[in-house]
Amino acid sequence: MDPSFRSAQRTLQGWAPDLPLQADGGAPLETLGRVVEPPRLLAAPVVEDSALRARPVGGEPEVGFLAFLDGIQRSRVLAYHDGLPVVFGVVAAVIRLRVNRRLHSWTGGPLVERRIYLPLAYLPSELAAHFRAAGLDVVDTTAVGPDQAIPIRHPLALLDRAIHLVQEDREGAEQTLAERWCNAERAPIFIDGGLNKSELVARSPNAVGVVKSHRTLYVEGDALDQVFRLRGGERSSVFRIPSSRRTPVASWYLRLRDPAGHDPLFGLVRVEAADAELAGESLPALTARADRLSRWILAESSPLSLPDGRWDRMVYGIRDCEEYLRAVI
């Protein structure tokens, strides 16, 4: 058990000595699977061809990335106060630099943040003050959310909000490191996840985002069929993911491994890179860049990231980030 979790429990017990604590913190909330984004199909404009199609990635896989960035999160219930969850969350992110075929942590090591997640609308304000006096940041799980509503006083609703807020904090830690890299370095970095939450990162020619989950697919109709039919080593045409609130990015699907005998998403990733239109890039240059970055990603799919259950979409450099962070927190 994380010593900081035990310390947070002792802090809570110092404020409420008779409050029963979770004996072992229970299962990490991330394993409970409560907050799930509904599956969506969204059409995105194709910029490389007249319609989305399969394209073989020309040439042999080649190593091109100098660094890898990923983050993890872990949250557990400290105790229930009048049935309301008091949650301890830790997030961490790291950049692992490849030097002589070995991975080392980039300057400054990992970024680790620990917080307490409290439903402040329903609990005494003195509890938050007690945690802050102990040097712990407090996050309000009853702050007005995107739906402009305060979560109801149901413990599961408050746990869902806590998990969501911990996830936001993890994404924030990853974004902080990505921006530091883009400001300080000129070498390519492989980022686990999308780019467009940061304008700096989304516009950087050195940042490449690789998305492994596909709750949202940016294709519909025949374009969806084309993506499902991609074979190992093939990519889709490049399309643009526009956004009224975020910086647009260029994107394409890439099949890392042949899906025969598996589900249609097996070995499938979605790549994000700086938008060609914003960069003033010609169409032939866009094609060459998408092929080059795809070759770099294909090169990272070996060795296999076993025993990780996501081995078909996971590259070894990202698995190394996660293993390193698990040891840290």
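Tutor: This is a predicted model. Start with Thr 287, which is found in helix α7, residues 283–299.

Student: Why is Thr 287 called buried?

Tutor: Its relative accessible area is 17%. Buried means under 20%. Thr 287 is therefore buried.

Student: What does Thr 287 touch?

Tutor: Leaving out residues up to four places away in sequence, Thr 287 touches Glu 48, Arg 55 and Arg 235. Touching here means heavy atoms within 4.5 Å.

Student: Is Gly 64 buried or exposed, and how do you know?

Tutor: The relative accessibility of Gly 64 is 19%. The limit for buried is under 20%, so Gly 64 counts as buried. Gly 64 lies in the loop between β2 (54–56) and β3.

Student: Which residues does Gly 64 touch?

Tutor: Pro 188 and Trp 296, not counting residues up to four places away in sequence. Gly 172 is 108 residues from Gly 64 in sequence, and their C-alpha atoms are 26 Å apart in space.

Student: What makes Phe 88 a buried residue?

Tutor: Phe 88 has a relative accessible area of 3%. The cut-off is under 20%, so Phe 88 is buried. Phe 88 is found in strand β4. From Phe 88 to Ile 150 the separation is 62 residues in sequence and 20 Å in space, C-alpha to C-alpha.

Student: Now the other end of the scale. Why is Asp 82 called exposed?

Tutor: Asp 82 has a relative accessible area of 58%. Exposed means over 50%, so Asp 82 is exposed. Asp 82 lies in the loop between β3 (67–81) and β4 (84–99).

Student: How do you know that the side chain of Asp 82 makes a polar contact with the side chain of His 81?

Tutor: The distance is 3.5 Å. The cut-off is a pair of N or O atoms within 3.5 Å, and residues adjacent in sequence count only if both atoms are side-chain atoms. This contact joins side chain to side chain. Asp 82 and Ala 162 are 80 residues apart along the chain, with their C-alpha atoms separated by 17 Å.

Student: Where is Arg 101, and what makes it exposed?

Tutor: Arg 101 is in the loop between β4 and β5 (102–105). Its relative accessible area is 83%. The cut-off is over 50%, so Arg 101 is exposed. Arg 101 also has a positive phi of about 70°, although it is not a glycine.

Student: Why does Pro 264 count as partly exposed?

Tutor: Pro 264 has 41% relative accessibility. Buried needs under 20% and exposed needs over 50%, with partly exposed in between. Pro 264 therefore counts as partly exposed. It sits in the loop between β13 (249–255) and β14 (268–274).

Student: What does Pro 264 touch?

Tutor: Phe 228 and Arg 255, with residues up to four places away in sequence not counted. Arg 186 is 78 residues from Pro 264 in sequence and 36 Å away in space, C-alpha to C-alpha.

Notes. Residues numbered from 1 in each chain as written. Heavy atoms only, no water. Helix = DSSP H or I, 4+ residues; strand = E, 2+ residues; numbered from the N terminus. Buried < 20%, exposed > 50% of the residue type's maximum accessible area, 1.4 Å probe, protein only. Polar contact = N/O pair within 3.5 Å; in protein donor to acceptor, adjacent residues only side chain to side chain.
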